[in-house]
Amino acid sequence: LRRNGAPYSARTVVTEYWELHTLPNKDEWLTVTTKVEDPVYLSRPYLTSSDFKKLPTPAGWNPTPCSTK
């Protein structure tokens, strides 16, 4: 579930839900909800969510490849 978190079994099921929301002011948000179900190690589903705001323009976005040194 996390890097040093709870163990998980071969019966684990991970489901992701993606929702796009447009607010009245035209801002766009993406909500990603993750549900982890494991009947061996979890007594109930483990839920997490993250929100991401879409930038109005790609200004300031200049990805470059990683370099190895």
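Q: How many helices and strands are there in the protein?
A: This is a predicted model, and the protein in it has zero helices and three strands. Counted from the N terminus, the elements run β-β-β.

Q: In what order do the three strands sit in the sheet?
A: The order is S1-S2-S3, in an open sheet with antiparallel pairing.

Q: Which strands stand at the edges, and why is one side of each left without a neighbour?
A: The edge strands are S1 and S3, the latter covering 46–53. Each has a single partner strand, so one side of each has no neighbour in the sheet.

Q: By how much are neighbouring strands turned against each other?
A: The average is 15°, with direction ignored.

Q: What holds strands of a sheet together in general, backbone or side chains?
A: Strands of a sheet pair through backbone hydrogen bonds, and the pairing can be parallel or antiparallel.

Q: Back to this one. How many bridges are there between S2 and S3?
A: Eight bridges, in the antiparallel sense, with S2 made up of residues 28–37.

Q: And Trp-29, what is its bridge partner in S3?
A: Lys-53 is the partner of Trp-29.

Q: Changing topic: where is Ser-9?
A: Ser-9 lies in the segment before strand S1, which spans 13–22.

Q: Buried or exposed?
A: Ser-9 has a relative accessible area of 15%. Buried means under 20%, so Ser-9 counts as buried.

Q: Which residues is Ser-9 in contact with, leaving aside neighbours within four places in sequence?
A: Asp-38, Val-40 and Tyr-41. With Asp-38 there is also a polar contact between the side chains, at 2.7 Å.

Q: What share of the 69 residues is buried?
A: Buried residues account for 10% of the 69, and Ser-9 is one of the buried residues.

Q: What about the overall dimensions, how far does the C-alpha trace span?
A: About 45 × 45 × 15 Å along the principal axes.

Q: Last one: of the contacts between residues at least 6 apart in sequence, what share joins residues at least 24 apart?
A: That share is 31% in the protein.

Definitions and conventions. Residues are numbered from 1 along each chain as its sequence is written. This is a predicted model: local features need pLDDT of at least 70, side-chain atom pairs count only at pLDDT 80 or more; totals for chains, interfaces and linings use all residues. Side-chain values use heavy atoms; hydrogens and water are left out. Helices (H or I, at least four residues) and strands (E, at least two) are DSSP runs, numbered from the N terminus. Buried means under 20% relative accessible area, exposed over 50%, partly exposed in between (1.4 Å probe, protein chains only). A polar contact is a pair of N or O atoms within 3.5 Å; within protein, one must be able to donate a hydrogen and the other to accept it, and residues adjacent in sequence count only if both atoms are side-chain atoms. Contact means heavy atoms within 4.5 Å. Two strands pair if DSSP finds at least two bridges between them. Axes are lines fitted to C-alpha atoms, for helices over the stretch in contact, and angles run from 0 to 180 degrees between N-to-C directions.
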